[in-house]
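Please load the model in your viewer and keep a selection panel open. The stops below are meant to be followed in order.

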Amino acid sequence: MESAGLPGKRFTRKIEDFTCEVCGTAVHGTGYTDHCPKCLSSKHVDVMPGDRKNKCGGIMKPVSVEYRNGSYVIYYVCGKCREKKRMSASSSDNKDSLERFIGGG
Ligand SMILES: [Zn+2]
Ligand SMILES: [Zn+2]
């Protein structure tokens, strides 16, 4: 619950809505959303998941997907600094997009 105009607003866990910079999909944040459910692209903003402490800000591109233990794991490479990351897919992710990357990379 947000109260407008409250002075000294405290820092709380951010539930962010964002627009995917790759495909333009409007993504409704849940507080855990870290990638686009449609094209699976992400942004290099975290050092540890959710901390938003990384200054890179590059687009993390999905390069490969693995299906293990009943869930998808997406492998990313940052288009800017080339760092590699791994993230769990969320249940709202587009299955076709996920399957397209299976075995890829
Ligand atoms: Zn997208
Ligand atoms: Zn990066």
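This is a predicted model: local features need pLDDT of at least 70, side-chain atom pairs count only at pLDDT 80 or more; totals for chains, interfaces and linings use all residues.

Residues are numbered from 1 along each chain as its sequence is written, chains are lettered from A and ligands numbered from 1 in the order in which they are written, and side-chain values use heavy atoms, with hydrogens and water left out.

**Stop 1: the zinc ion**

Select the zinc ion (ligand 1) together with Cys20, Cys23, Cys36 and Cys39. The SG atoms of these cysteines are the protein donors, lying 2.2 to 2.3 Å from the ion. Donors here are N, O and S atoms within 2.8 Å of the metal (3.2 Å for Na, K and Ca); water is not among the atoms, so sites may look incomplete. The angles among the 4 donor atoms are 105 to 113°, and the site is tetrahedral; four donors count as such if all angles lie between 85 and 135 degrees. For comparison, the ideal angle for four tetrahedral donors is 109.5 degrees.

Along the chain, the donors follow the spacing C-x2-C-x12-C-x2-C. Cys23, in the loop between β1 (18-19) and β2 (26-27), and Cys36, in the loop between β2 and β3 (42-43), are 13 residues apart and link distant parts of the chain. Strands are DSSP runs of E, at least two residues long, and helices are runs of H or I, at least four, numbered from the N terminus. Is Cys36 buried or exposed? Cys36 is buried, at 0% relative accessible area, whereas Cys23 is partly exposed at 33%. Buried means under 20% relative accessible area, exposed over 50%, and partly exposed in between (1.4 Å probe, protein chains only).

**Stop 2: Ser41**

Move to Ser41, in the loop between β2 and β3. Its relative accessible area is 7%, so Ser41 counts as buried. Beyond its neighbours within four places in sequence, Ser41 is in contact (heavy atoms within 4.5 Å) with Val22, His35, Cys36, Ile59, Met60, Pro62 and Tyr76.

**Stop 3: the largest nonpolar core**

Next select Leu40, Cys56, Met60, Val65, Tyr72, Ile74, Tyr76, Cys78, Met87, Ala89, Leu98 and Phe101, the 12 residues of the largest nonpolar core. Such a core is a set of buried Ala, Val, Leu, Ile, Met, Phe, Trp, Tyr and Cys residues joined through side-chain atoms within 4.5 Å. Two or more residues come from each of β4 (59-68), β5 (71-78) and α1 (95-101), and β5 gives the largest share, 4 residues.

**Stop 4: salt bridges**

How many salt bridges does the structure hold? There are 3, each a side-chain nitrogen of Lys or Arg within 4 Å of a carboxyl oxygen of Asp or Glu.

- Lys43 and Glu21 meet at 2.9 Å, N to O. Lys43 in strand β3 and Glu21 in the loop between β1 and β2 are 22 residues apart; Lys43 is partly exposed at 36% and Glu21 exposed at 55%.
- Asp46 and Arg52 meet at 2.9 Å, N to O. Asp46 is buried at 7%, whereas Arg52 is partly exposed at 35%.
- Glu66 and Arg68 meet at 2.5 Å, N to O. Glu66 is partly exposed at 30%, and Arg68 is partly exposed at 38%.

Terms used
Four donors count as tetrahedral if all angles lie between 85 and 135 degrees; four count as square planar and six as octahedral if opposite donors are over 155 degrees apart and all others between 65 and 115; anything else is irregular.
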